[in-house]
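How do the helices of this model pack against one another, and which residues make the contacts? Please read the report below alongside the coordinates.

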Amino acid sequence: MAVKKSSAEKRFRQSEERRLRNKAAKSAARTCAKKFTAAVQAKDQKLADETLRLLCKELDTAGRKGILSRNSVSRKKSRMMKLYNVSFSTKSV
């Protein structure tokens, strides 16, 4: 007769898979944010616009899946939008 695995072992496997999946999603969002800030600093509006859209998508996905909280997603998006608008406004300051 085979020995049954404990539920704790299964739980550990599941939580490890989730942890790695969550880590990948957070890492993708952080990488995208770095690319966006680099594009803003380089004054490349086209690249900044594209990476901002991608960043918002990554953040929304992470928020929808519960990886990031709703408030932190909103805060990060707001700060990035503000940075974009301040950097590429049509008016000269």
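The report covers the helix pairs, then selected residues in helices and in a loop.

This is a predicted model, in which local features need pLDDT of at least 70, side-chain atom pairs count only at pLDDT 80 or more, and totals for chains, interfaces and linings use all residues. Residues are numbered from 1 along each chain as its sequence is written, and side-chain values use heavy atoms, with hydrogens and water left out.

## Helix pairs

Helix α1 spans residues 7-41 and helix α2 spans residues 45-64. Helix α3 covers residues 70-87. Helices here are DSSP runs (H or I, at least four residues), numbered from the N terminus. Axes are lines fitted to C-alpha atoms over the stretch in contact, and angles run from 0 to 180 degrees between N-to-C directions.

| Helix pair | Axis separation | Angle |
|---|---|---|
| α1 and α2 | within 9 Å | roughly 160 degrees |
| α2 and α3 | 10 Å | about 175 degrees |
| α1 and α3 | 11 Å | about 15 degrees |

Angles under 35 degrees count as roughly parallel, over 145 as roughly antiparallel, 65 to 115 as roughly perpendicular and the rest as oblique.

**α1 with α2.** Given their angle, α1 and α2 are roughly antiparallel to each other. The crossing of α1 past α2 is left-handed (the near helix is turned anticlockwise from the far one by less than a right angle; clockwise would be right-handed). On the α1 side, the contact involves Ala28, Ala29, Cys32, Ala33, Lys35, Phe36, Ala39 and Val40. On the α2 side, Leu47, Ala48, Thr51, Leu52, Leu54, Leu55, Glu58 and Leu59 take part. Contact means heavy atoms within 4.5 Å. By class, this contact holds 13 nonpolar residues, one polar and two charged. In this scheme Ala, Val, Leu, Ile, Met, Phe, Trp, Tyr, Cys and Pro count as nonpolar, Asp, Glu, Lys and Arg as charged, and the others, Gly among them, as polar.

**α2 with α3.** These helices, α2 and α3, are also described as roughly antiparallel to each other. From α2 come Gln45, Ala48, Asp49, Leu52, Leu55, Cys56, Leu59, Asp60 and Gly63. They meet Val73, Lys76, Lys77, Met80, Met81 and Tyr84 in α3. The contact of α2 with α3 contains nine nonpolar, two polar and four charged residues.

**α1 with α3.** Here α1 and α3 run roughly parallel to each other. The crossing of α1 past α3 is left-handed. Ala33, Phe36, Thr37 and Val40 of α1 meet Met80, Leu83, Tyr84 and Ser87 of α3. The contact of α1 with α3 has six nonpolar residues, two polar and no charged.

## Residues in the helices

Thr51 sits in α2. Thr51 is buried, at 9% relative accessibility. A polar atom of the Thr51 side chain lies 3.1 Å from the backbone oxygen of Ala48. Beyond residues up to four places away in sequence, Thr51 touches Cys32, Lys35, Phe36 and Ala39.

Ser72 belongs to α3. Ser72 is buried, with 9% relative accessibility. The Ser72 side chain reaches the backbone oxygen of Ser69 at 3.0 Å.

Leu83 is in α3. With a relative accessible area of 31%, Leu83 is partly exposed. Leaving aside neighbours within four places in sequence, Leu83 contacts Phe36, Thr37 and Val40. The C-alpha atoms of Leu83 and Thr37 are separated by 8.5 Å, although the two residues are 46 residues apart along the chain.

Which residue other than glycine has a positive phi? Lys43 does, with phi near 60 degrees. Most residues other than glycine have a negative phi. Lys43 lies in the loop between α1 and α2. Lys43 is exposed, at 62% relative accessibility.

Asp44 is found in the loop between α1 and α2. Asp44 counts as partly exposed, at 32% relative accessibility. Not counting residues up to four places away in sequence, Asp44 touches Ala39 and Phe88. Asp44 and Phe88 are 44 residues apart along the chain, and their C-alpha atoms are separated by 9.3 Å.

Note on methods:
Helix = DSSP H or I, 4+ residues; strand = E, 2+ residues; numbered from the N terminus. Buried < 20%, exposed > 50% of the residue type's maximum accessible area, 1.4 Å probe, protein only. Polar contact = N/O pair within 3.5 Å; in protein donor to acceptor, adjacent residues only side chain to side chain.
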